[in-house]
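Colleague: I would like a close look at a single part of this chain. Please walk me through it in one go.

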Amino acid sequence: MDQQKMGTHIMSPPSVPNHNKKAHDQEKSHDFKTQQPYLVYSPVVKPNYNPIDSVSHVFNSWTNKADTIARNVWRNLKTGPSVSEVACGKLKLTAKALTEGGFDPLYKQIFATDPNEQLKKTFACYLSTITGPVAGTLYLSSTKVAFCSDRPLSFRAPLGHEAWSYYKVAIPLANIGSVNPVVMRENPSERYIQIVTTDGHDFWFMGLINFEKAKHHVLETLSHFRGQPYGGY
């Protein structure tokens, strides 16, 4: 019941959207670590969840926003099983970014970076996994596409005990085979950015507040990295 109310807190392999909730024995969650070279593990202490955190002041701050933006924000929030949980996660992440001086130093704190690497953009989104969408932030830098969950997720450690880690993905631009923007014909509000690596792994990012902007910047960054002219896809 808690799992359904709070959303997925289980570390599981990335998955095509709509194939969620089909994990077999949670895919023996520690096994996929060796099969997924783009996941980054950094164990943390088991978190204390507080789903009753108030988020009313956040919604009040959106009252002057345009209707389109408000609808997109709401769609991003409701992608997760619990609106309050997702909103609280976004609040805490934003607060942490502010205390760290912005998303750039936060990004360099979360991921190993090259000396000349520059963070270009960040986008609130979800990563589609077998056990459900994981709320987090998509980071686009001059060398990689990365994702970090708003909250730690649990996984079964090799010795059998429960452990916790932020769900982090780091995909070097050199390893990206294709970027495919997907809009579902039967429901245009369902829009995804699929990233396929040169070695056959794929990642589906969903619930983007500004899908067109995210698509533009990801494709543009990849084109520039490859030394190709960007055609404004």
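Is Tyr192 buried or exposed, and what is its relative accessible area?

Modeller: Tyr192 is buried, with a relative accessible area of 5%. Bear in mind that this is a predicted model.

Start with the ring of Tyr192. Tyr192 forms an aromatic pair with Trp204. The geometry is edge-to-face, with 6.0 Å centre to centre and 80° between the planes. Tyr192 sits in strand β8 (residues 191-197), while Trp204 sits in strand β9 (residues 202-206), so the pair ties together parts that are twelve residues apart in sequence. Trp204 is buried too, at a relative accessible area of 12%. Buried here means under 20% relative accessible area, so Tyr192 at 5% and Trp204 at 12% both qualify. The structure holds seven aromatic pairs, this one included.

β8 is mostly covered, with five of its seven residues buried. On one side, β8 pairs with β9 in the antiparallel sense over five bridges. Pro181 stands opposite Ile193 in β8.

For comparison, take strand β5 (residues 144-156). β5 is mostly covered as well: twelve of its 13 residues are buried. β5 pairs with strand β4 (residues 132-141) in the antiparallel sense over five bridges. A hairpin through two residues joins β4 to β5. Leu138 stands opposite Phe147 in β5. β5 also pairs with strand β6 (residues 162-172), again antiparallel, over ten bridges. Leu153 stands opposite Ser165 in β6. The hairpin of β5 and β6 has five residues between the strands, and Gly160 in the turn has a positive phi of about 100°.

Ser154 shows the cover on β5 at residue level. Ser154 lies in β5 and is buried, with a relative accessible area of 10%. Leaving out residues up to four places away in sequence, Ser154 touches His9, Ile10, Met11, Glu162, Ala163 and Trp164.

Other rings gather elsewhere. Ring pairs link Tyr107, Phe111 and Tyr139 into a cluster. Lys168 lies over the face of Phe111, at 5.9 Å from the ring centre. Tyr107 belongs to helix α5 (residues 103-110), where Leu106, Tyr107 and Ile110 are buried. Seen down the axis of α5, its buried residues fall within an arc of 100°, so they line one face of the helix.

Last, the chain as a whole. The chain has six helices and nine strands. Of its 233 residues, 45% count as buried. Among contacts between residues at least 6 apart in sequence, 59% join residues at least 24 apart. The chain exposes about 12,100 Å², and carbon and sulfur atoms supply 52% of that area.

Terms used: Residues numbered from 1 in each chain as written. Predicted model: local features only at pLDDT ≥ 70, side-chain atom pairs only at ≥ 80, totals over all residues. Heavy atoms only, no water. Helix = DSSP H or I, 4+ residues; strand = E, 2+ residues; numbered from the N terminus. Buried < 20%, exposed > 50% of the residue type's maximum accessible area, 1.4 Å probe, protein only. Contact = heavy atoms within 4.5 Å. Areas by Shrake-Rupley, 256 points an atom, 1.4 Å probe, with all protein chains shown as cover. Phe/Tyr/Trp six-rings, centres within 6.5 Å; stacked < 30°, edge-to-face > 60°. Lys NZ or Arg CZ within 6 Å of the ring centre and 35° of its normal. Arc of directions from axis to C-beta. Pairing = 2+ DSSP bridges.
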